[in-house]
Amino acid sequence: MRIATWNVNSITARLPRLLAWLESTGTDVLCIQETKCTAEQFPTDELRELGYESVVNATGRWNGVALLSKVGLEDVVTGLPGGPEYEGLQEPRAISATCGPVRVWSVYVPNGREVAHEHYAYKLRWLEALKGAVAEDAAGGRPFAVLGDYNIAPTDDDVWDIAVFDGATHVTAPERAALAGLREAGLGDVVPRPLKYDHPFTYWDYRQLCFPKNKGMRIDLVYGNKAFADAVKDSYVDREERKGKGASDHAPVVVDLDV
C-alpha cells in the first residue's frame, strides 16, 4: 500500500501535475494540504475518473485539506475535534478517515508567522489539541498516521542553515516540544530518504533559487504509531516533482507499507 502527503499550494494550479503524478506513482492514499479552494471547487470528478474517492475540508482561503483514496474512505472526521479558533473561525486544517487497513489524518498546521504574533500562540494551541485528538487512534492496534505540512523542522539538520532561522518560527523550542508531545501520544517520526543530497528536505522557497541551491526544510512529516512504523518498507521524498514549471514549493513524501 502506498500512502503519500503533499502540500500542493493550490489544487487548481497544480491539478494537471497532480493527476499525472497519481497515475504514474500508483498511490493508494494521498493526504493533501493547502487546497486553496472551496469544497465546491474541489476536482472530485477528475479524481473519480482515476479511481479515487475524495473528502475535503476547505473554504477557499489560504488553507484547506483533503484525502484521496482508492481503498475506501470510512469514518470520516472533518476538522480538528476540540481545536482552537483563529479570528473567530475554526480553520479547515484537518481531516481524517479510515482507508482500508490504515487510518490517516491529513493536517495543515498553522504557520505561526512570527514568534510574537498571535498566530504563533494559535499554532501551539492547535498542536496541543491535535495531540489530544489523535491519542485514541495512536493507541489502537491498527496502523495509524498523521501526515501533512507541520510547519516545523524537527531538528537543526532539517533546515539548510540553522543560523538563518535564528529567532524565527518553525525551529523554536516550544514548536519542537509540541512534536515531542505527539511522540508522547505514541507517534514517531517516519523519516524518508532523500532522492538527492544528504537530507530529505520537503520544502524549498520559490525565491532566491532556493531549490537549485538546495536551501530547503523538512517540514512535511509523517507521524505514525508502532503498527504503522512496523509496516513501513520504504519512504522517500519525491524531489523530482518539485522540478519544472508549475511545481508546488513542496515535494510529496511517499510511504510504502506492507499491510
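Let's start at P43, which lies in the loop between β2 (29-33) and α2 (44-49). Helices here are DSSP runs of H or I, at least four residues, and strands are runs of E, at least two, numbered from the N terminus.

A word on the model. It is predicted: local features need pLDDT of at least 70, side-chain atom pairs count only at pLDDT 80 or more, and totals for chains, interfaces and linings use all residues. Residues are numbered from 1 along each chain as its sequence is written, and side-chain values use heavy atoms, with hydrogens and water left out.

Back to P43. Buried or exposed? P43 counts as buried, because its relative accessibility is 6%. Buried means under 20% relative accessible area, exposed over 50%, partly exposed in between, with a 1.4 Å probe and protein chains only. Which residues does P43 touch, not counting residues up to four places away in sequence? They are I11 and L15. Contact means heavy atoms within 4.5 Å. L15 is 28 residues from P43 along the chain, and their C-alpha atoms are separated by 8.1 Å.

Next, the sheet. It is open, has six strands, and runs in the order β5-β6-β7-β8-β12-β9, with mixed pairing. Two strands pair if DSSP finds at least two bridges between them. At the edges are β5 (74-78) and β9 (188-189), each pairing on one side only. Strands of a sheet pair through backbone hydrogen bonds, either parallel or antiparallel. Look at β8 (residues 144-149): five bridges join β8 to β12, and the two run antiparallel.

The buried residues of α4 pack against α3 (118-139) and β12 (220-224). Which residues of α4 are buried? They are E175, R176, A178, L179, G181 and L182. An α-helix has 3.6 residues a turn, so residues three or four places apart point the same way.

Now check the length of α4. The helix has 12 residues (173-184), so at 1.5 Å a residue it should span 16 Å, and its end C-alpha atoms are 16 Å apart, which agrees. The expected span is 1.5 Å times one less than the number of residues. Just after α4, G186 takes a positive phi of about 105°.

Last stop: β10 and β11. Each strand, β10 (203-204) and β11 (216-217), supplies at least two residues of the lining of the largest pocket.
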